[in-house]
Amino acid sequence: MAEAISSFWGPVTSAEWCEKNYVYSSYIAEFFNTVSIIPGILLALIGLINALRQRFEKRFSVLHISNMILAIGSMLYHATLQRMQQQGDETPMVWEMLLYFYILYSPDWHYRSVMPTFLFLYGAAFAIFHALVRFEIGFKVHYVILCLLCVPRMYKYYIYTKDASAKRLAKLYLATISTGSLCWLFDRLFCNNISQWYLNPEGHALWHVLMGFNSYFANTFLMFWRAQQLGWNPKVAHFMGFFPYVKIQKPKTQ
């Protein structure tokens, strides 16, 4: 859907979405798809501050930082619609899922050094392969498989969680990813019809907003569960009466 107007970044070389290009600025190809990522960055920053302030394990600080890196890469992709920037969005998506896989499964993994080594090599190999080969459908299938591999452990954590507030986080995680996926599919499958509407609902931009909250809810739920595993007496508190976060009380010996 490239428009015949001047653009700072030149011809489109990446996959496009249903938003018209360069409507509001010659520097931003897809305006709404770009700015809709900002809430996700802010939420990841809130999560990072909480993880550092309460001295959670470093894995959670890395997780929040990876959320921000992914969001920035996605912003660059939608702002430029260039193939290199698209890879800068898609490769961190896979790396982030590998990090989620590690956080979910590492507590019960008997060979502690094997998992991080394998996941690191897998992520590096994928980055090289993805830089050399362009595979849009294959990438989506691969990413969905990685997401599905995380589902059984998330479900296990949910059913073994007794705290109602923590369970609510898991339900919000499920609600946002389900609604966001519908927005993504609607935008992708019905673009030809949507393009004729007077007002585009910007389904992909809604996906960005919902996935920003989705990552925050997932991270917060995992922080609660991990703190519970470590005996840190976690509780779900709320910042400004809205943003949930995990408040812990470590034993004095720690």
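Predicted model: local features only at pLDDT ≥ 70, side-chain atom pairs only at ≥ 80, totals over all residues.

Biologist: Which residues are linked in a network?

Modeller: Glu 57, Arg 59 and Arg 226 are, through salt bridges. Glu 57 meets Arg 59 at 3.6 Å, N to O. Glu 57 also pairs with Arg 226, and there the closest N and O atoms are 2.6 Å apart.

Biologist: Where do Arg 226 and Glu 57 lie?

Modeller: Arg 226 lies in helix α9 (residues 203-229), while Glu 57 is in the loop between α2 (38-53) and α3, so the pair ties together parts that are 169 residues apart in sequence.

Biologist: Is Arg 226 buried or exposed?

Modeller: Buried, with a relative accessible area of 15%. Arg 59 counts as buried too, at 19% relative accessibility.

Biologist: And what does Arg 134 pair with?

Modeller: Arg 134 forms a salt bridge with Glu 136, at 4.0 Å from N to O. Arg 134 is partly exposed at 41%, and Glu 136 is partly exposed at 30%.

Biologist: Changing topic: what volume does the second largest pocket have?

Modeller: About 350 Å³.

Biologist: How many residues line it, and which lie nearest its centre?

Modeller: The lining has 13 residues, with Trp 95, Leu 98, Leu 99, Leu 119 and Phe 120 nearest the centre. By class, 9 are nonpolar, 2 polar and 2 charged.

Biologist: Which helices supply at least two residues each?

Modeller: α3 (58-80), α4 (83-105) and α5 (114-132) do.

How values were computed:
Residues numbered from 1 in each chain as written. Heavy atoms only, no water. 1 Å grid on protein atoms, 1.4 Å probe; cavity = no way out; pocket = protein on both sides within 12 Å on 5 of 7 lines; lining within 4 Å. Points joined across faces, edges and corners; volume = space filled by probe spheres on them. Helix = DSSP H or I, 4+ residues; strand = E, 2+ residues; numbered from the N terminus. Nonpolar A, V, L, I, M, F, W, Y, C, P; charged D, E, K, R; others polar. Salt bridge = Lys/Arg side-chain N within 4 Å of Asp/Glu carboxyl O. Buried < 20%, exposed > 50% of the residue type's maximum accessible area, 1.4 Å probe, protein only.
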